[in-house]
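Subject: Handing over a structure

Hello,

I am passing a structure on to you, and I hope you enjoy looking through it. Please open it first and then read on.

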Amino acid sequence: MTKVKRAIGYSLLLCLLALMVALSSPRFYVDDEAVDVYVPDGLSSMQIGQVLEDAGLVWDARLFAIVSRIKGVHTGLKSGHYRLPVHQPLPEIIDTLARGEVQLTRITIPEGYTVSQIAKLLEKHGVADAESFETAATTLAGEYAHLLGFVPPTGSLEGYLFPDTYLVSQGVAVERLILMMVTRFCEKAIPVLTEAGNARLGVHELVTLASIIEREAAKDSERALISSVFHNRLAGGVRLQSCATVNYVLGEPHRALTVSDLAVESPYNTYLHDGLPPGPICNPGLSSLQAAVHPADSPFMYFVSDGAGGHVFSVEYLDHLAAAESLKRLREDRNR
């Protein structure tokens with residue numbers, strides 16, 4: 001009888017040891033190695049277990065599904081990119097997926113980027129497909145009207161994707177990315193744009209103006225002055241004649257324009273059409289938004305680049321022409 005009990009005890013011990021091994025990683029002897037794994041959306045716990053088994057993180061997909069069910073989280077495992085230590089026990093892996101502790105990527109969207117540039121940046125970091133992001137951002141503006149309080153007239157979210165630093169998971173839905181950026185715009189920009197004292201321009205017009213300021217200004221100290229020039233021109237019925245709007249049409253933000261470029265037909269060409277263009281030409285930062293709302297008090301109607309990041313401002317057209325000619329000669333002398 002004692003031998004039988006001893007045999008049963010050994011069997012139970014072996015089963016316990018087997019279970020302990022099964023609940024550990026298949027590569028439990030490695031201390032610091034980690035594996036990057038992507039869990040697609042919509043998978044069952046069994047399918048997730050298979051993904052993890054294929055990655056060498058668990059012994060058996062079925063055991064993963066069973067333990068997930070025992071823990072009561074089999075229907076709550078989150079999709080996304082994970083970086084999991086290979087020595088992590090199975091219950092801890094399940095807890096990690098249940099909490100959705102995905103691997104996050106830090107991405108900074110520079111001020112003045114267009115939707116197209118943002119899309120390419122996201123794809124470069126492996127976060128989203130550029131074409132899918134750009135299509136959604138330029139055609140689905142109406143789906144975010146409940147946040148903005150209106151639908152941008154262009155139907156595009158150009159101008160409303162706030163430049164900032166975001167922590168995102170690779171493989172996240174593009175709609176989720178857009179929601180994050182529009183939400184940040186509402187948090188940061190809307191309070192500035194709805195300040196009292198600028199009843200002449202609405203939110204969309206101010207964002208459009210801010211986007212032009214963003215593209216024209218290289219120095220923070222000049223944003224309010226550049227804004228004053230555009231405000232003065234709008235008030236006086238003078239065309240904005242912003243090279244930045246033509247560059248937007250051409251799709252080349254920093255191209256040196258030719259005479260024929262200035263004649264390209266587009267409602268965004270402010271050399272040919274009065275007033276503001278139909279919508280923003282980029283996604284402006286907070287400084288440009290503030291400048292659009294609070295222009296400097298100046299009489300200036302013109303400005304020309306000085307070739308060093310700044311501008312020369314003029315009230316009269318003849319003075320503007322003289323400044324442009326003087327700066328042209330200066331550049332030619334430097335290049336000799």
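Below is what was found in it, starting with how to read the values.

This is a predicted model, in which local features need pLDDT of at least 70, side-chain atom pairs count only at pLDDT 80 or more, and totals for chains, interfaces and linings use all residues. Residues are numbered from 1 along each chain as its sequence is written, and side-chain values use heavy atoms, with hydrogens and water left out.

Let me begin with two helices. Helices (H or I, at least four residues) and strands (E, at least two) are DSSP runs, numbered from the N terminus. Buried stands for under 20% relative accessible area, exposed for over 50%, and partly exposed for what lies in between (1.4 Å probe, protein chains only).

Helix 4 spans residues 90-99, and its residues L90, I93, I94, T96 and L97 are buried. They sit on the same side of helix 4 because they cover an arc of only 160° around the axis; the arc is that of the directions from the helix axis to the C-beta atoms. After helix 4 comes G100, with a positive phi near 70°.

Helix 5 (residues 115-124) has V115, I118, A119, L121 and L122 as its buried residues. Seen down the axis, these fall within an arc of 165°, so they line one face of helix 5. The face turned away from that buried side carries K120 and K124, which are exposed. As background, an α-helix has 3.6 residues a turn, so residues three or four places apart point the same way.

Next, the salt bridges. The term covers a side-chain nitrogen of Lys or Arg within 4 Å of a carboxyl oxygen of Asp or Glu, and the count by this rule is 10. Here are three of them:

- R83 and D36 meet at 2.8 Å, N to O. R83 lies in strand 2 (residues 80-85) and D36 in strand 1 (residues 34-39), so the pair ties together parts 47 residues apart in sequence.
- D95 and K71 meet at 3.1 Å, N to O. This pair links distant parts of the chain, with D95 in helix 4 and K71 in the loop between helix 3 (61-70) and strand 2, 24 residues apart.
- R329 and E325 have their closest N and O atoms 3.7 Å apart. Both are in helix 15 (residues 317-335), four residues apart, and are separated by about one helical turn.

Salt bridges that share partners also join D164, R184 and E187 into one network.
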